[in-house]
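Q: Could we go through this structure feature by feature, with the general idea set out before each case?

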Amino acid sequence: MNSVEKRAILGVGGIFALRMIGLFMIVPVFSVYGDNYAHATPFLIGLAVGIYGLGQAIFQIPMSLAADKFPRKPIIFLGLILFAIGGIIAANATDIYEVIIGRALAGSGAVSAVLMALLADVTREEMRTKAMATMGLTIATSIMLAFAFGPLLVGSLGISGLFWLTAGFAVLAMVLLLVVPTPLRVLKHNLDNKSIGEQLATVLKIGDLNRLHIGIFALHLTMTAIFVILPHQLSEVMGLSVRQQGLVYLPLLFIGFAVAIPFIIIAEKKRKMRQVFLGAIALMTASLVILALGSQVGVGIIFGLLLYFMGFNLLEATIPSWISKRAPVANKATAMGLNSSSQFFGAFVGGAMGGLLLSQPNVLAWGILAFIMGAALLLIIPIAQPPYLSSTTVTIPKNINIQDWSRQMLAVDGVDELVVMAKEQVAYLKLDKTQLTDNSRQQLSSLAQSPLDI
């Protein structure tokens, strides 16, 4: 990776980590501490936890539609402001309804898809799976750290203190946004004359993108349900307290990711993304079957959970990269917004379903989750391999009009997308090598004023 890509991953990864830790620290402790709020009932406590996911599911799409029409960074900044204000409202809450309002407002700052689109803008095609895999690890690790540290901190800070931390993390995320390079996206097709309906329709017509939405929905439904069901089973079967359970999740997560890394590399380098993707869903289905059959013993829980984390990391790493490859260039954020909405709606449904499954026998609870993941596999099997385009980095010539130069670049046969970072004086070209001719190669080299390795 070059310095621009490393800086982008550091900034975007840091923003994701701060948001996820701030969100999930509340989850393992709120069911206990939520009783201290006025008017609290079990249903309202559950609603206070889940309303964030519902808010994210609703607002991902409008935020992403806006990000395909306007610069991405101001939209991300707005989302972080809403996230911070929501945390402040919840921190000052005295009754459960105020907490619900704060969590809902925080959820309306739905910028996960816009962040992914921004990262895709500033990373080359060959580096994108690696970048998205890093984001997947960051997100998964942040969730695990939140589950580990939430119970440790609530004793000294109280539930209000955790909400204040959420607001503080949002402010730190705004600072990190300044680290991320600011790209100038130059597209062959302008969106200015496209209605929102046309913009959505363009993406919804692509069947393979819809299959990816099904995959992320099932992934986060099962993951959220697992973390509702699992704490009780770890306590009953292995005698672990909530505080000790975080120490179980972390090593399993890292082992699962270490095992997944070679398959992530194979998916990109060997162009086996479809095979690896379907294999990961099958692995997660198998892990849930193992949990259904072996959750009465500690070994069964640990082994099933390890397999689940392997598949989880593979899907978290490949889905964003796949969308960035398959989505129309001008609708990248919209496609990622639909995917993020599916993700958070899956988390919302999974939380509610997990609560219902708590009262069911273990075999039935895990069996239902295995059925859901297996059904998702059957729906996704027809998916085709994503398009594999190449990219190259170009140093922008000095003393030129960047807009004119960009239009000349896009007019060359085989150039699919151009992302310009004027401050860094570099541009990324996404190329379809099947359309490149000797003449177009000469044109590109002439415009770049240097030979290109294409």
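A: Let us begin with burial, where buried means under 20% relative accessible area, exposed over 50%, and partly exposed in between, with a 1.4 Å probe and protein chains only; Ser341, at 8% relative accessibility, therefore counts as buried. This is a predicted model, in which local features need pLDDT of at least 70, side-chain atom pairs count only at pLDDT 80 or more, and totals for chains, interfaces and linings use all residues. Residues are numbered from 1 along each chain as its sequence is written, and side-chain values use heavy atoms, with hydrogens and water left out.

Q: Where is Ser341 found, and with which residues is Ser341 in contact, leaving aside its neighbours within four places in sequence?

A: Helices are DSSP runs (H or I, at least four residues) numbered from the N terminus, and Ser341 belongs to helix α13, residues 332–357. Taking contact as heavy atoms within 4.5 Å, and setting aside neighbours within four places in sequence, Ser341 touches Gln56, Ala57, Gln60 and Ile61.

Q: At what angle do α11 and α12 pack?

A: Axes are lines fitted to C-alpha atoms, for helices over the stretch in contact, and angles run from 0 to 180 degrees between N-to-C directions. The angle between α11 and α12 (residues 298–326) is about 155°, with the axes 8 Å apart, and because angles over 145 degrees count as roughly antiparallel, that is how these two helices, α11 and α12, are classed.

Q: How many aromatic pairs does a search of the whole structure find?

A: Rings of Phe, Tyr and Trp (its six-membered ring) pair if their centres lie within 6.5 Å, and planes under 30 degrees apart count as stacked, over 60 as edge-to-face and the rest as tilted. The search finds 4 aromatic pairs, among them the edge-to-face pair of Tyr52 and Phe83, with 6.1 Å centre to centre and 75° between the planes. Tyr52 lies in helix α3 and Phe83 in helix α4 (residues 72–91), so the pair ties together parts 31 residues apart in sequence.

Conventions
Parallel < 35°, antiparallel > 145°, perpendicular 65-115°, else oblique.
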